Structure formats: structure tokens, C-alpha cells
Amino acid sequence: MGDALKDTRAAVEAYLAALNAHDADAVAACVAEDFVNEHTSSLGRSRSGRAEYRAALTGFLEDFGDLHYLPERFLVDGESAAVPYVMTFRMRSAGDRPVRVRGVFVFTVAHGLITRRTDYWCV
């Protein structure tokens, strides 16, 4: 595996590990200043910039109790990666209702940081 592929995969793995650890600061540290977080589902909300994204993470992590992303595979091509996943959590605002969502992240990575994440939810 070439260095670019290793760097891309490492950046994505660090990001997912930070999400699974529920560590908002560590998640934000994985993304670039001009990070774009695009949600294709009407249930999600897109964000632009590390600061806006970080500001939203606290509430997200609080409402999505026991959040866990389980990657099904990593498809890496240079600075791009697609990661099909299963996301599980308890929706605290809905009485801790358990939720399971399948989706796909598509990432762009530059200089070890995620510059773009597009999230496709299958709900």
C-alpha cells in the first residue's frame, strides 16, 4: 500500500476512533480548518468549517448515547476513501430509543486531515 493510501486510511481510522470514543475535541482535531461535512439525508445537517463542526459535536454526542460506528470495509483510492458502516446509538431525546443506521461515508483527506465528509444514510 502506498504512502498516500496509508495516510488516508490512518486519517479516517483516527476520525472514526475519536467518534467512537465520544471525544469531540479529538474528532475536530482530525478535520481541516475548511472542513465540509455534507449530509445527503434530510435527517442530517451539513456544516462548513472546523469551528462550526466542533460547536455541533457536543450536542450530537450528547443526544446520540453510546454512539458507535462499525466500518464494514475501507475502500481507499489516493486521498479519497469510502467507508460503508453501521451506526448504532440510543436517541436520548426520544427516551433512549435504540437506533441502527446503515450508511456510507465518502472522505477526502489532505495532509493527514479530513477536508470533506459526505454522509449517505440508508434509513
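1. His 39 stands opposite Asp 119 in strand 7. Strands here are DSSP runs of E with at least two residues, helices are runs of H or I with at least four residues, and both are numbered from the N terminus. Strand 1, residues 31-39, pairs with strand 7 in the parallel sense over five bridges. Two strands pair if DSSP finds at least two bridges between them.

2. A word on the basis of these points. The model is predicted, and local features need pLDDT of at least 70, side-chain atom pairs count only at pLDDT 80 or more, while totals for chains, interfaces and linings use all residues. Residues are numbered from 1 along each chain as its sequence is written, and side-chain values use heavy atoms, with hydrogens and water left out.

3. Strand 1 also pairs with strand 2, residues 47-48, this time in the antiparallel sense over two bridges. In that pairing Val 36 stands opposite Ser 48 in strand 2.

4. Arg 117 deserves a look. This residue sits in strand 7, residues 113-122. Is Arg 117 buried or exposed? Its relative accessible area is 4%, so Arg 117 is buried; the cut-offs are under 20% for buried, over 50% for exposed and partly exposed in between, with a 1.4 Å probe and protein chains only.

5. Which side chains does Arg 117 meet through polar contacts? The side chain of Arg 117 is joined to that of Asn 37 by a polar contact of 3.0 Å, and to that of Asp 119 by one of 3.4 Å. A polar contact is a pair of N or O atoms within 3.5 Å; within protein, one must be able to donate a hydrogen and the other to accept it, and residues adjacent in sequence count only if both atoms are side-chain atoms.

6. With neighbours within four places in sequence left aside, Arg 117 is in contact with residues including Tyr 15, Leu 19, Asn 37, His 39, Tyr 53, Phe 105 and Phe 107. Contact means heavy atoms within 4.5 Å.

7. Thr 118 lies in strand 7 too. Thr 118 counts as buried because its relative accessibility is 7%. A polar contact of 3.4 Å runs between the side chains of Thr 118 and Glu 38. Apart from neighbours within four places in sequence, Thr 118 is in contact with Glu 38, Thr 40, Val 104, Phe 105 and Val 106. As background, side chains in a regular strand alternate between the two faces of the sheet.

8. The aromatic residues come next. The structure holds eight aromatic pairs. In one of them, the ring centres of Tyr 69 and Phe 105 are 5.3 Å apart and the planes are at 45°, so the pair is tilted. The pair links distant parts of the chain, as Tyr 69 is in strand 3 (residues 64-71) and Phe 105 in strand 6 (residues 97-110), 36 residues apart. Rings of Phe, Tyr and Trp (its six-membered ring) pair if their centres lie within 6.5 Å; planes under 30 degrees apart count as stacked, over 60 as edge-to-face and the rest as tilted.

9. Tyr 69 and Phe 105 are both buried. Together with Tyr 15, Tyr 85 and Phe 107, they form one aromatic cluster.

10. Helix 3 covers residues 50-63, which is 14 residues, and reaches 20 Å from its first C-alpha to its last, close to the 20 Å expected at 1.5 Å a residue. The expected span is 1.5 Å times one less than the number of residues. Helix 3 has a kink of about 30° centred on Leu 57, where the bend is the angle between axes fitted to the seven residues ending there and the seven starting there. Tyr 53, Leu 57 and Leu 61 of this helix are buried.

11. The loop between helix 1 (3-20) and helix 2 (24-29) holds Ala 21. With a relative accessible area of 52%, Ala 21 is exposed. Ala 21 and Leu 61 are 40 residues apart in sequence, and their C-alpha atoms are 9.9 Å apart in space.

12. Two residues could be checked for backbone geometry. His 22, in the loop between helix 1 and helix 2, has a positive phi of about 60° although it is not a glycine. Asp 66, in strand 3, has a positive phi of about 55° and is not a glycine either.
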